[in-house]
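Me: I would like to go through a structure that is new to me. Could you take my questions one at a time?
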Amino acid sequence: MNLFGLLSIFQRVRARARVCPVCGHRQVVSEERRAQAVRCDKCGAAIPPGAKQT
Ligand SMILES: [Zn+2]
């Protein structure tokens with residue numbers, strides 16, 4: 001795999017990651033749940049769809 005392939009995978013994963021506003025845990029959100037609030041794996045808090053995406 002070349003560098004561009006690696007980079008595009010990295011960017012795709014980053015785009016789906018959400019940061020928990022309570023504990024700061026970074027969590028990958030599936031494409032289907034992108035518009036919904038998800039539950040943090042670590043602390044159980046709801047992470048709204050508008051949460052910071054890094
Ligand atoms: Zn959390």
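Me: Where does Arg18 lie?
Reply: Arg18 lies in strand β1; helices (H or I, at least four residues) and strands (E, at least two) are DSSP runs, numbered from the N terminus. This is a predicted model, in which local features need pLDDT of at least 70, side-chain atom pairs count only at pLDDT 80 or more, and totals for chains, interfaces and linings use all residues. Residues are numbered from 1 along each chain as its sequence is written.

Me: Is Arg18 buried or exposed?
Reply: Arg18 counts as buried because it has 23 C-beta neighbours inside 10 Å. A residue is buried if 20 or more other C-beta atoms lie within 10 Å of its own, exposed if 12 or fewer, and partly exposed in between, with C-beta atoms placed from the backbone.

Me: What about the chain as a whole: which elements are in it?
Reply: The chain has one helix and four strands, in the order α-β-β-β-β from the N terminus. Of its 54 residues, 7% count as buried.

Me: Where is Cys20, and why does it count as buried?
Reply: Cys20 is in the loop between β1 (17–19) and β2 (26–28). Cys20 counts as buried because 21 C-beta neighbours are inside 10 Å.

Me: Which residues is Cys20 in contact with?
Reply: Leaving aside neighbours within four places in sequence, Cys20 is in contact with His25, Gln27, Cys40, Lys42, Cys43, Ala45 and Ile47. Two residues are in contact if their C-beta atoms, placed from the backbone, lie within 7 Å. Cys20 and Pro48, 28 residues apart in sequence, are 8.7 Å apart from C-alpha to C-alpha.

Me: Now Asp41: where is that one found?
Reply: Asp41 is in the loop between β3 (38–39) and β4 (46–47). Asp41 is partly exposed, with 13 other C-beta atoms within 10 Å. Beyond its neighbours within four places in sequence, Asp41 is in contact with His25 and Gln27.
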